[in-house]
Each structure stands twice: as C-alpha cells, then as structure tokens.
Amino acid sequence: MAARCTWGGVVSTLLVLLLLDVAPAGAQEAGASRLLNVDPNDWPMYHRTYNAFRFSPLAQINKSNVKDLTVAWVHQPGAVVQGLESTPVVVDGVIYYIGSYNRVFALDGATGKELWHYYPKLDPVINTLFFQPYNRGVAVGHGKVIFGTLDGRVIALDMKTGKEAWAVTVLETKKCSCNFTGAPLIVKDKVILGQTSGELPIQGKIFALKIANGETAWEFNTIKNDSKSWGGDSGKFGGGGGWMTGSYDPALNLVYWGTANPAPDYDWGEARPGNNLYTSSVLALDPDTGQLKWHYQEIPHDDWDYDSGLGESLVLDRDGKKLLVHQNKSGFVFVLDRTNGKLQNVWPMNHVYNWVQRIDPKSGELIGRNSPRLGKPAFICPWIAGGRSWNSGSYNPKTGLWYNTAMEVCEEVTVEKQTPVTEPAAGLFFGGDQVAKHPPGGEAYGHLDARDPVTGERKWSVNFKYPPIGSVLSTAGGLVIHGDVEGVVRAYDADSGEELWHFRTGSGHRGGPISYSVNGKQYIAVPSGLGSLVLGLYPALWPEVADFPPGGALFVFSLK
Amino acid sequence: MGNRVVRVASLALLLVAGVVTPRAAAQAMRQPPPMPTEPPFDLSDKAVIQAGSHLFRQTCTGYCHGAEGRLSRAPALRGREFDTRYLYQRIAYGFPPMPAFQTLLAPEDIWKLVAYIKSLQGVKE
C-alpha cells in the first residue's frame, strides 16, 4: 500500500513530535547522539567530549603556522563584574556562551555576528550572595541551550531563537544563599548540574532535570545521612555540593561528579566528627536514576577546603584498564578504576605541600595530616585556592600528555569557632580565615606542566610569576593554548613547551579556550576577562594584582 | 493590616493560578529590615570593636577583603577615613561583586563591622 502524504498527516506528525518533544533533525540541533559522537568541527559541551579531554582534533592551525594567528573577531558580553569565566560551546558553526549575570549569547562562529542574546531578569537576592555574578558555561542539546542561574533556577532556551522554552526554580536561594555557577552536563534525556554550598551551612545536592520540561528527575544529597560520618547534628550544616561539571562513560552508563568540601571549611576540633561523606569525593552515579554506584573520598574529613568539586575527571583507557583521572584541589591527582572506584595511583602536581607528608598511592591514606586547629595559626601549603583552582587541564591522546596548571602558594590559617547561621538566610561558614604566604625559602609562583596523567611523570614546565587560573586547550595541531593572569594568551609546542605565539588581550584569563571549525576554517576562541574570588587572595603577596584590569571579551583567532 | 490582607489574598490567587510556587512565595515574603539612622552603641567601645573584628574575620576576609583590612582585590580599609553612614550603607547594600548584607546580618552586627573598620583608621600600612 502506497503511503499518501496529506496536510492532515503532516500536522498530526508535527503534533506528535511536539508532544514527544522530539526536536527535528537539522542545523543547530544537538541531540544525545551528537554528544556521543562529537563532530570534529564542534565543541558541543563544557569539556568538549564526555571524557573531559578538552582536546580538539582540528589541525589546520598547527606548529608551523600558528605564528600567523590573528584576531578574526571579538565579542563583548557587556557585563564584566568578575570577568569572563566561562568556556564557550560550538555546534554547527554557532558559538554559545554565557557571561556574568547569566547573559547568554549565540554568535556566528565565523563572523561573530550576534544571532540572539538572552538577558534573564534575576532576583535581587543575587546581590547578597558570595558566589556571583559569574557563570562557567552552558549545555547544548535536544535543540536547547540550558544553564543554571545565580538565583537558583535552571533555564532552557530554544537553540535557534534564544526564546525561553522553560525555566524552573530548583533552589531556595533566598534561604540557602546557594545557586548554580557551573556548566550543566546533558546525558541522554536529562541535564545534570550541581549547586554551590561548600562554604554554607546547608546540604548541597546534584540534580538531574528532564530536558523536555525541566521537571526534576532525581537529586543526590552529597551529605550522607549517617551519624557515624557526621557526628551530632553537623550533617545539617555539612556543605558539600557539586558545583563544577562532571564526566560520563556511555559504555558503563556512569556519570562521574566531584563533590565540594564540608562546611565549616576549617574544623576547630569538634565541628563535624566523622569522615563527612560524601564531601571531597568522586561519585559514580547512574544518570538515569541518580543511584550511587560507587564513591571514592579523596579527603576524608577535609580540614583544608581541598574539595573534589573542581575541574575535570578524565575518562581514560590504558593497558586494558578503564581509568578515571581526577585532580583534587589539594594538588594531588587520584587515578581510579572507573568501574569500581578502586585506587590505582596518587601523585602530586605541586612541588610544595605540607598539609600531608604524603598520600599512600596504594591505599590512599593521608599520612602525616597537618590539620589547622584552634589556637596557634597554622602554616599550610597549598593555600585555600588550591594546588589548582577549578580551571581544567587538557589531555592530548596523540602525545599522551595532560597539560595542567599548578599554584605553589602557602597560607597562614587561623581557625575560629563559629556558629552556623541559617536564618533568615544561610551565612558563610568558614570556621576561620587565612592569608596567603610565600613558600619556605622562595617566592610563590605557578606553572603549566605537560605530564603523564597516570604516573605524573613530567615532560616540560613553563613557570609564571602569578599562578595561572585559566583552563587549557590542546589540539591535534600539536599546540597547547593557555592564557595567564596578566592577559597574555600563548600557544606552546605540545612536545617541548616552546612558546610559538602570543597575543595580549588586555585582561587576564580565567575561562576556557576552545577550537572549532566553520566552512573548513579553524578558529580558536579565547575568553578574556580577569575576575574570580580567588584573585582576592593574590594582593596579599602581589599588591599590584589589585590593579590588574577586569574585563570581559571573547577573542576569536584564525590564520591570516 | 488591610494591605497585608490584600497581599495574602493576592498571593493565594497567584498560588491557585500556579504562577507562584509555594517555595517562591515563601521567598517573596522575606523583607530586609529598615535601615537604622544611628548606631545603637558607642562605636569606639572596645568590646564592640572586638565583636566587629570577629564578624569581619568570619564574613569578609579571605577571598574578599584582606586580613585586618589589608589590600585585596577590594580596596584596603586600613589607614583610611570613612564616613560612618557611608560604611553602614556600603555593607548593607553592597556594591558588586561585594554582597549586600542587609538581609544576612542584623543591623547591630553591621554597626559592629562599621566600628571595627573605623578602628582601622589610625593604623599605618
């Protein structure tokens, strides 16, 4: 029987598609399959691929011609408070990015011409928050651009028009003082994101929302309901959360998510008895149900604000083993079997540390803990900003090297007993304060290293006076792209670390550079704009940093 | 009283209409306290200054202001003369990215912070 095409049939089909919320295939559409099999020309999610490599397979721009790189266009988000911290995403030649105050833009990737913008009306409560007004990225998929907001909502925009598809309130921001600042991760029909809460007397959670309508599919409380893990009522104020973006292994159907530190950040002795699960841990969650499959707590009873919520979890296979490489804020890198969470190795990115004597690479035991307590101020390395901040490294599967940054800075911590404040709204719950210090016998500094991600073996390093806080990009063209605090973005030879090109963007770098291609032409996009809570710690050592200009601009480079 | 009845009735209507969720409604009902015109205690009182110092360490230092009012990305507070009312307003209402504390701290606590910052006026460095 031959099928007959009728208007009624077409309308019925469209209605069915609408009801099922199935986006039609076509340009600017990124469904689940496009996130699994990423087009080499695209950068469709925060870390580009589910394995969090932040590696572009594009090689048109390479070692031999990068010297000819020049500005193709610049876009300015117009709001520069706390700079530009995000990593853009690109699908089918359109670049999507988010700036401070949750301003979202869709631009022609070749010309920078604005296709649409979306400026949300944010609740004034955001002006009372510690974590604001920055955002680290959007997720794109199923025809939508999705992001968490400063006032605790999740918003989905139509990818083509920028019109609001749905907006849901997930967090009671006026009560919890918590919000969303990290980029969500789309897995199948859900979008997953975690909240801020590590410095707040609340219970931080990770959420999965249905992309079709924003309905919450599941939520995972990072504060385990366990009196052995949280003595007394300390778990009520336990902090945690999962503020940055996780990874995904489709074969195992597991999402890997790092969790933040317990609150209070510092423990005066009896603030939170127990190991404080699941804070400062890596979680393996079933993305369909939110069920915990395994966990690995990197820092049992974290005494230093060395959370696991930051940065990437590399999904890496080597010698027949399915590995997960995750950096903790302490500067130690934990290598896990990602099928079961068993520890395979631990190695330090930092040269200077005294918070532990060492970590047993077989058992993970923290040996010789140096925990600040009430009384005498404690000298601790690395500082509260971490051996590395939340910025990500980049793994190049061709060189087998992970390009990653480190901060060699110490601090003096003064612990002070504090009563958690939850009414009328949650107040900061640090349990002490700290001031940055130079390491013993030398000046504080930072470095960009090329390392084997499993063994930690170092191939090359580049040092910086001011510890870098921008993410790293590596490409199949044999390049490593990275911007510093002073506002210079550089291209390095991935094999040797030799500087091949640089450009002064005028403001420092905190976001994530990416690469993409439109109509056969490769581009490198670099968010520039100095801002960050972490920068508030710098002037104690480098007063001139207080005068480094803030900014916000997306620089896009191509060959002449 | 009449206005309150109208507000509650309006809220109930919005809830029935599904415009405002109960969670959002609870949030909308919180109001910041009115700004006091005068400090409730002597700002040069040592106990008040000490309490302000304690609050400053717990609320303002580290990522924001430098220890004991030293330079950070925020300006140094040591050795500077500030108008009392200006300080109160700045703490209460904030200035991005500095948060507004009017709904987080009681007016008395804001005055304690004012007392502490004013005590740094004569500090060299």
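**Figure 1. Part of the cover over the buried residues of helix α4(B) comes from α5 (107-119) of chain B.** The model is predicted: local features need pLDDT of at least 70, side-chain atom pairs count only at pLDDT 80 or more, and totals for chains, interfaces and linings use all residues. Residues are numbered from 1 along each chain as its sequence is written, while chains are lettered from A and ligands numbered from 1 in the order in which they are written. Helix α4 spans residues 84-93 of chain B, and its buried residues are Leu87(B), Tyr88(B), Ile91(B) and Ala92(B). These four lie on the same side of α4(B), because they cover an arc of only 125° around the axis (the arc of the directions from the helix axis to the C-beta atoms). Buried means that 20 or more other C-beta atoms, placed from the backbone, lie within 10 Å of the residue's own; exposed means 12 or fewer, and partly exposed is in between. Helices (H or I, at least four residues) and strands (E, at least two) are DSSP runs, numbered from the N terminus.

**Figure 2. Chain A touches chain B through 31 residues, which are in contact with 26 residues of chain B.** Contact means that the C-beta atoms of two residues, placed from the backbone, lie within 7 Å. On the side of chain A that touches chain B, α3 (173-176) and β30 (432-437) of chain A each give two or more residues. The most come from β30(A), with 3 residues.

**Figure 3. Strand β5 (residues 104-108) of chain A is largely enclosed by the rest of the structure, because 4 of its 5 residues are buried.** Strand β4 (residues 94-98) of chain A runs antiparallel to β5(A) and is joined to it by 5 bridges; two strands pair if DSSP finds at least two bridges between them. Ile95(A) has Leu107(A) in β5(A) as its bridge partner. The hairpin of β4(A) and β5(A) has 5 residues between the strands, and Tyr101(A) in the turn has a positive phi of about 60°. Strand β6 (residues 114-118) of chain A is also antiparallel to β5(A), with 4 bridges joining the two. Here Val104(A) has Tyr118(A) in β6(A) as its bridge partner.

**Figure 4. An open sheet of chain A has 5 strands in the order β1-β33-β34-β35-β36, with mixed pairing.** At the edges are β1 (55-56) and β36 (499-504) of chain A, each pairing on one side only. Strands β33 (residues 472-475) and β34 (residues 479-483) of chain A run antiparallel and are joined by 3 bridges. Val472(A) is opposite His482(A) in β34(A).
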